[in-house]
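Hi,

Here is the structure I promised to pass along. Have a look at it first, and then read on for what turned up.

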Amino acid sequence: MSSSDLIEIVIASGKGGVGKSTIAASLAIILRNSGYRVVAVDADAEAPNLHLVLGINRWDRILEHREGRIGFVRDDKCIYCGYCYDSCAFGAIEEKSGRYVINPWICEGCFTCSFVCPVKAISFKYNVLAGYIKIAYSTPYKFPLVSSEIKPGRPNSGKLVTEAKNLGRTISSGKGVIIVDAAAGIGCQVIASLAGSHLALLVAEPTPASFSDLKRIHKLTKHFGIPSTLVVNKYDLNEKFVSEIIEYARKENIELLGLLPYDDSVPKSMTMGKPVIYAYPNSDITKGIMEIANRLLTIVRNWKSWRLEHIPEKIEPFIPVIIKPRSWVR
Amino acid sequence: MKRIIQISITGGKGGTGKSFVATNLAILLAKKHDLLLADLDLEAPNDHVLLGIDKLHNKEDIKVFLPFIDYKKCTLCGICAKICDTGAIFMPPKNPPIVFPRLCSGCKACYYACPYGAIIEGGHVIAHSYLTIIRKFNVSFKLLTGILRPGEEHVPPGLAIIKRKARDLAKEILLIDTGAGTGSSISIALQYSDLVIAVTEPTPLGLHDLESILKIVNGLGYRTWVIINRYGLGPIDNHLKIMKMYGVEKYFKIPYSMDAVKSYIQGIPIVAYNPDSIVSKSFYDVYQVLEDEIL
């Protein structure tokens, strides 16, 4: 299987609530209807919503994802020295009326507290349920949906996203298009979404906050050397600002796929549990999405040559800022 | 011990209006109180943008632990690589361990686990914090902003450091704005809250993520209020059911209005930009109840 048989498209934005899931759902449907094999992956494990936009509420398989540990302090052994409290990098240990208690909504089970405890008063619960991967093989849209869902309060949602993506790749058998609906932010979930992907579709709205986050997410796609495209959503909220975003995109070699208007049909279609392109086929937003999908189809059809033209000229590698200890010699 | 009141704004879903609520409440609260607003959305911090602040001040590095191997002491036992949960320590056959800084969460387990004292404590800057005095809109308050370095993935330990800083700096009221999401980093931001205000929107998406966030707040045992932002966009019956289930004390509605969008674009919070708007009036209501019942 050559890598050009499969194109993984990540929908990301930095800022939340700008329309990632709405756009991801519509594009997956249109690509499928245009004859491509499609797998949709909801990579927003902490707030998975793609199934709601698609109106999917039945899963064919639900896989439990168990990993990690949660610590607890044994009061019968604890001597209240407070070493654990001081050592926890996550601040998970709380002092409650003279006792030390590990907050299970924060603890990652890293073992640090159990190492510093002089009386072995910390035990662990192992193999903790960290989340689920849910799969709908047969959907009304004739493509499968793989959704990641963290158990609220659990760490490392990025690992769950990586698993969901890998499952999506397996289901695709290395052919067609995978649409990855990424989380808000630029942290572990989004990095897991971008890793190994081919194309980023960035979504922004013409507000200063969204523009600020667009620049941050684009920095990440450049670290990964992934070519980027852009959709400006709700463009009519602030048309003056749109030109500023387009100018940025031009300078950064981000291909503009199109502008979408603000449209009440979107929240209305969500309430109906129907993708907006089916709920309101004649709406302005549906027309806009169709145009964007056509541009995306052109890119997918001419993938090899498009990629060569748009791949960042030089990858801007991520360089960690490291503080070497004085006593350390290589 | 000083007594501060911590009010945390969260919501699960992105874009429901967390920062919008936080910045507007900050302005109202700062009229009578000493306030620190902490933007703990390290991945996409926007409170300063919504306040129209171009430049943040008092930059500080947020450093977390990073292991360095003392090759003279290392016996190649491999315990550090085994204990590391994030795969940041790789043990090549017959060679000393290699550390990948980006994968390291800074938990320090390897440091304590090494039986030979062969791990030396180094550091790794994962984020920056800024402390800016805001003197605008006829009020003055402090804004603490945490900003993740793009490319870093382990938010929790850096977030815990900035959170501690916020608790240390706050004198009377600490208003926290969390990021989107429902994972452990949100719990860190919410920890020690006297009140959590979850901001949601009247869509099935807002509802779904509201339930996830209420599970956390309920588990943490904090008092909870809900703000339904963009009220009028869709039905809220199911929101109300969920809120009852999780013991939400009160809820407020902020009507959907173009006034809010206009102020948002201007970088001026609506209570300052358009005090007569129905949106501003809803914020006064929330503020008044806060004043009566929490402060």
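Before the details, one term: a crossing of two helices is called right-handed if the near helix is turned clockwise from the far one by less than a right angle, and left-handed if it is turned anticlockwise. Please also keep in mind that this is a predicted model.

Let's start inside chain B. Helix α1 (residues 18–29) of chain B and helix α11 (residues 278–293) of chain B have axes that come within 10 Å and cross at roughly 60 degrees. That angle makes α1(B) oblique to α11(B). As for the hand, the crossing of these two helices, α1(B) and α11(B), is right-handed. On the α1(B) side you will find B:N24, B:L25, B:L28 and B:L29, which meet B:F283, B:Y284, B:V286 and B:Y287 of α11(B). Seven residues of this contact are nonpolar, one is polar and none is charged.

Now to where the two chains touch. Chain B brings 68 residues to the contact and chain A brings 62. Several elements of chain B each supply at least two residues to the side that touches chain A, among them β3 (60–69), β6 (119–136), α5 (155–169) and α7 (204–220). The largest share of that side, nine residues, comes from α7(B). By class, the side of chain B that touches chain A has 32 nonpolar, 24 polar and twelve charged residues.

Strand β14 (residues 321–323) of chain A runs antiparallel to β6(B), and three bridges join them. Within β6(B), B:G123 stands opposite A:I323.

Best wishes

Notes: Residues numbered from 1 in each chain as written. Chains lettered and ligands numbered in written order. Predicted model: local features only at pLDDT ≥ 70, side-chain atom pairs only at ≥ 80, totals over all residues. Axes fitted to C-alpha atoms, helices over the stretch in contact; angles between N-to-C directions. Helix = DSSP H or I, 4+ residues; strand = E, 2+ residues; numbered from the N terminus. Parallel < 35°, antiparallel > 145°, perpendicular 65-115°, else oblique. Contact = placed C-beta atoms within 7 Å. Nonpolar A, V, L, I, M, F, W, Y, C, P; charged D, E, K, R; others polar. Pairing = 2+ DSSP bridges.
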